[in-house]
Amino acid sequence: MLKIDLKGKIAFIAGIADDQGYGFAIARSLAAAGATIIVGTWVPLMRIFTTNLANGKFDASRQLPDGSLMEIAKIYPLDASFDTMDDVPEEIKQNKRYKDFDAYTISDVAKAISNDYGKIDIFIHSLANGPEVIKPLLETSRKGYLAALSASSYSMVSLLAHLGPHMNAGGAALSLTYIASERAIPGYGGGMSSAKAALESDTRTLAWEAGQKWDIRVCTISAGVWGSRAARAIGITDQMIEYTIANAPLEHTFHPQDVGNTAAFLMSPLAAAITGVTLYVDNGMHAMGIALDSPAFNPAETELANVEL
Ligand code: NAI
């Protein structure tokens, strides 16, 4: 039987702070395939995440198909907007949610992972941050735009650059992108659409460079809309989900585990020849050119919507 087998593999997932997002769903699928899970959690959410985890708040979501609970072997505090502690402004270092931690930049986390595990096999980038995401691009400040690029795109470049030397040959890396990179999605502002375009372009270049340098594959999944904590900050998530249900080729409910399971395949030896791709996991929404729930296609008045397929 053909099987996704990640036994003995170590997977680092950057961008988990609750059980609602894609990072957690990917962790579950990788764990179900046998991988050891280690996590990077944004510093301000570190305490709440570790407390909730310890108190059993995520136990239902941690359940794996064999009935056991997904274990998270280690959680590293991470702020992926910074490469070294010298880059961190004093006011952030002194912030009450940061001051109890002393080493949380990308270079610190890569070093800690290498000290703890030697080499890892899988790296997942499931994080994004756009402080002005609710502003249209035309109203986005330079600072907000660059912050979106820094946290959401350059973080992938830097994390891979720092983790690559600590990854086994044959390993793989994955990020999460969104179709606003290539189509106008009003509401996804603040430079986040630009950040996703950069992330997808970098996926191809990183695939070439990391493939040549370390024999590591690099892919990105363009995921459908899901009401994670980050997505809810945008404000139109529920409407986007309804729109997808009304217009996507596949009508069955889209779930983060669809992304998790695709990630497990992509990170497994079954995908050994796949790198540099943007893979849509969105019930096919990306393939549509028109929205059939538009009033222009009122089924009573048009033949198009009544076509027998
Ligand atoms: P999420 O809220 O579960 O994940 C985002 C994570 O990024 C959070 O844990 C947050 O704490 C972390 N984060 C923010 N700034 C950070 C920083 N500077 N350093 C380290 N961590 C930081 O939300 P979601 O939606 O699962 O997001 C995961 C990825 O999926 C993101 O790249 C997002 O753009 C992408 N995506 C999400 C879609 C959706 O509809 N939810 C659709 C397509 C892509």
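The model is predicted: local features need pLDDT of at least 70, side-chain atom pairs count only at pLDDT 80 or more, and totals for chains, interfaces and linings use all residues. Residues are numbered from 1 along each chain as its sequence is written, and side-chain values use heavy atoms, with hydrogens and water left out.

**Stop 1: α1 and α10**

Select residues 22-32, helix α1, and residues 256-266, helix α10. Helices (H or I, at least four residues) and strands (E, at least two) are DSSP runs, numbered from the N terminus. The two axes lie 7 Å apart, at an angle of about 50 degrees. Axes are lines fitted to C-alpha atoms, for helices over the stretch in contact, and angles run from 0 to 180 degrees between N-to-C directions. That angle makes α1 oblique to α10; under 35 degrees counts as roughly parallel, over 145 as roughly antiparallel, 65 to 115 as roughly perpendicular and the rest as oblique. The crossing is right-handed, meaning that the near helix is turned clockwise from the far one by less than a right angle.

Now show the contact (heavy atoms within 4.5 Å). On α1, pick Tyr22, Ala25, Ile26, Arg28, Ser29 and Leu30. On α10, pick Pro256, Gln257, Val259, Gly260, Asn261, Ala263 and Ala264. Eight of these contact residues are nonpolar, four polar and one charged. Here Ala, Val, Leu, Ile, Met, Phe, Trp, Tyr, Cys and Pro count as nonpolar, Asp, Glu, Lys and Arg as charged, and the others, Gly among them, as polar.

**Stop 2: α6 and α7**

Move to α6 (142-163) and α7 (192-214). Their axes come within 10 Å and cross at roughly 15 degrees. The pair is therefore roughly parallel. This crossing, too, is right-handed. Contact residues include Tyr145, Leu149 and Met156 of α6, and Leu199, Asp202 and Trp214 of α7. By class, the contact has 14 nonpolar, three polar and one charged residues.

**Stop 3: α5 on α6**

α5 passes α6 in a right-handed crossing. Ile106, Ser107, Ala110 and Ile113 of α5 meet Ser155, Ser158, Leu159, His162 and Leu163 of α6. Five are nonpolar, four polar and none charged.

**Stop 4: the second largest pocket**

Select Ile179, Ile185, Tyr243, Met285 and His286. Of the 20 lining residues, these are the closest to the centre of the second largest pocket. The pocket holds about 370 Å³ of space. Which element gives the largest share of the lining? α9 does, with three residues. The lining has 13 nonpolar, five polar and two charged residues. A pocket, on a 1 Å grid over the protein atoms alone, is an open set of points where a 1.4 Å probe fits, with protein on both sides within 12 Å along at least five of seven lines; lining residues have an atom within 4 Å of a point.

Note on methods: Grid points are joined across faces, edges and corners, and a volume is the space filled by probe spheres set on the points.
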